[in-house]
Amino acid sequence: MITAGIDSGAKNVKAVIMKDGRVVGKAMAPAGLDTKAAAENVYNEALKAAGAEKKDVRKVFATGVGRKSCDCAQGEVTEADADAKGIRFVMPNVRTVIDVGAEEGRAVRINQHGDVVDFAINEKCAAGAGAFVEAMARALETEVEKMGDLYDRSTKEIDMNAQCAVFAESELVSLIHSQTAKADIARAVLNAIGDRIVSMMRRVGVEKDVAAIGGMALNGGFIKAIERELNITIGVPADPQYVSAIGAAIAAAEQRMEV
Amino acid sequence: MADGKKEFWRWPESRWANPEIDWKKGKLITAGIDVGSVSAQGVIMVDGELYCYGNMRTGSSSPDSAINVFNKATEGTGLALRDVHFTVGTGYGRVNVPFGNRAITEIACHAKGANWMYGPAVRTVLDMGGQDCKAIKIDDKGKVVAFLMNDKCAAGTGRGMEVFADLLGVPIEDVGDMSLSVAEEPPPVSSTCVIFAKSEAGALLRAGWPKEKVLAAYCSAMAHRVLSLLEKVNVEREFAITGGIAKNQGVVKRLTKELGFEACEAKWHNQSYADKGFPFDTQIAGAIGAALFGKALAEKGSR
C-alpha cells in the first residue's frame with residue numbers, strides 16, 4: 001500500500017511517499033507565494049523519486065499551517081499528531097519531541113503507544129521560532145546554518161535582555177558595536193531561543209527519550225543549548241524536516257486500515 | 001545603512017528655544033533628560049517656564065546620548081551644563097545621565113509632563129515610545145494612580161512602525177496620513193508579532209495590495225493592540241497620547257474611533273504658549289516631567 005504525507009509549513013513544503021511501512025520518496029521546496037502549487041509540486045517530485053504515480057497512491061494526508069490549501073490531500077492531521085506519529089516511526093523510544101520550524105515551535109509528549117499526551121505550541125511570537133534565528137543571523141551578517149559553528153567557537157556566555165526578535169535585533173547591533181565576539185553573540189541567540197523552547201518542554205513535562213525535529217533540529221548549537229539547560233541528550237533523526245510529513249503519510253495509512 | 005539606502009524609519013529630530021526668555025535672568029534653571037531606547041529628549045526650564053528642548057535619536061551609549069541631547073536643546077543659547085541647578089534623568093537610560101542629580105522613572109515623568117502639557121483634566125496617558133507602550137492613570141496633579149506597560153514585545157511600539165516604514169519604503173512621518181487615504185478600511189494585519197506581520201505584509205503586497213492599504217491594516221492592528229492595554233487599565237477621559245506614535249494620525253484616529261472618544265489635541269494647555277504658537281512636541285512629555293520634578297526637588301532642597 002502506498003500513501004503520501006504533505007507537510008505545508010510557513011517556509012517549506014515537504015512531501016513523503018510511503019510504501020508498506022517504508023519511506024520510498026521525499027521532496028521539499030520553498031512554500032513561496034502559492035502554497036497550493038508548492039504542495040502539488042513537491043508531491044509530484046516525491047512521487048517521481050519513489051518511482052510511483054498518483055494512481056498508485058491510496059491516500060494523501062496533509063499537515064502543517066498550510067494543510068487546508070493542499071488540494072491533492074484527501075485528509076488532514078494536526079501538527080501535534082503528525083509529530084507524534086512521525087517520531088514514533090523514526091525513533092520509537094521518544095516520549096518528548098520538539099518541532100521547531102520557521103514560524104512555529106511545538107513540544108509534544110507522547111506515550112508508548114504514540115498517542116499525544118500533552119502539547120504546547122507557539123505560533124504567535126517569532127522569539128520561539130526559527131524566524132528569530134534567521135533575523136539574528138541576518139543582523140550578524142551570517143547564515144542560519146553557520147550559527148551552530150559560531151556557537152561552538154564561543155568562549156564566553158553572555159545574556160540577551162530582549163525577548164522580542166525586533167528588540168533583540170537592536171540589542172545585537174549594540175553588542176556588535178561594543179566589540180562583542182560574533183561567536184558569543186551567536187551563542188546568546190541560540191541560548192535565547194533554546195530557553196523559549198525549554199519553557200514549552202517544561203510545560204508539557206520532559207520525559208526521555210527526547211528528540212528534536214523540524215528545520216531548527218539541523219542547528220547543532222540550538223540542540224546543545226537545550227541539552228545544557230535541561231542536562232539531557234536530544235536525539236535528532238536523519239532528515240528531521242520530513243518527520244511531520246512521514247507522520248501524515250502514516251496517518252493516511254492508518255485511516256485506510258480503519259475503513 | 002552603509003549602502004546609502006534611504007532610511008525611511010528615520011524621523012525628523014527637532015529643537016526649539018523660547019525667544020522670550022533670557023536664561024541669565026532666571027533664578028532656577030532645571031533640566032529634564034529623557035534617554036529612551038530609541039530617542040532622547042532634553043528640556044530646560046527657567047523658573048518653571050519652558051525655555052528650550054531638543055529631541056533626537058539615541059546612539060548606543062546612554063551617557064553620550066544624554067550629553068548630545070542637552071547640547072542639542074541648548075544649541076546657540078550659551079547655556080551650559082554648569083548653569084543648570086538641578087537635572088533629573090528619566091527613561092530607559094536614566095541612571096546613565098552623567099550630569100543627573102536624580103533619576104526618576106519614566107512613568108512618573110510622563111504622568112507629570114502630560115499633566116503640564118495637556119492640562120489637569122487628563123486622567124489617562126498613553127505613552128507610545130520607541131520600544132515600549134505605557135497606559136498610565138493619573139490624578140489632577142499628574143500623580144500616577146495606576147499603570148500598565150508593555151516593554152517585552154515590539155507590537156504596539158514605535159519600533160514596530162519603523163520596521164513597516166522601512167519595509168514599504170514610506171517615510172515614517174507620512175505613514176499615518178497615507179494609511180488614512182484608503183477608500184475602504186481593510187481588516188487589520190492578523191499577526192501580532194512584528195516579524196510575522198512583516199511576512200504577512202509581504203504576502204499582501206505580492207497579492208497586489210497598494211502600500212496605503214497595507215499601512216492601514218498595520219495601523220489598525222497597532223490601534224487594536226494598544227486598545228487592549230488601555231482597556232485593562234480602565235481608560236477614562238480626558239485622554240492624552242504622548243510619544244512618537246502620537247504624531248501618527250493613522251493610529252490615533254483608528255484608536256480613538258474604537259475608544260468612542262477623542263484624544264486631547266496636541267496643543268499647550270498653557271493658553272499663552274498656545275496663543276504664541278510655541279511648537280508642541282508629543283515626544284518631550286517625559287523630559288518636561290523630569291524638568292518639573294527637578295524644579296520641585298531643587299526648591300525643596302533649596303541648595
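What distance separates the centres of domain 1 of chain A and domain 2 of chain A, taken over C-alpha atoms? In this predicted model, the separation of these two centres is 26 Å, the domain bounds being those of an automatic or database domain assignment. Local features are described where pLDDT is at least 70 and side-chain atom pairs count only at pLDDT 80 or more, whereas totals for chains, interfaces and linings use all residues. Residues are numbered from 1 along each chain as its sequence is written, with chains lettered from A and ligands numbered from 1 in the order in which they are written.

For chain A, the assignment gives domain 1 as 1–91 + 240–259 and domain 2 as 93–236. Across the boundary, 17 residues of domain 1 of chain A are in contact with 25 residues of domain 2 of chain A, contact being counted if the C-beta atoms of two residues, placed from the backbone, lie within 7 Å. On the side of domain 1 of chain A that touches domain 2 of chain A, H2 and helix H8 (243–258) of chain A each supply at least two residues, and the largest share, eight residues, comes from H2(A). Helices (H or I, at least four residues) and strands (E, at least two) are DSSP runs, numbered from the N terminus. By class, this side of domain 1 of chain A has eight nonpolar, three polar and six charged residues, where Ala, Val, Leu, Ile, Met, Phe, Trp, Tyr, Cys and Pro count as nonpolar, Asp, Glu, Lys and Arg as charged, and the others, Gly among them, as polar.

Chain A also holds an open sheet of five strands with mixed pairing, in the order S8-S7-S6-S9-S10, strands being paired if DSSP finds at least two bridges between them. Strand S8 (116–122) and strand S10 (234–235) of chain A are the edge strands, each pairing on one side only. Strand S7 (residues 105–110) of chain A pairs with S8(A) in the antiparallel sense over six bridges, and A:Arg109 has A:Asp118 in S8(A) as its bridge partner. Helix H6 (residues 182–204) of chain A packs on the sheet, where it touches S6, S7 and S8 of chain A, and its direction makes about 30° with that of S7(A); axes are lines fitted to C-alpha atoms, for helices over the stretch in contact, and angles run from 0 to 180 degrees between N-to-C directions.

In chain B, domain 1 (14–118 + 270–301) and domain 2 (124–259) are assigned, and their C-alpha centres lie 26 Å apart.
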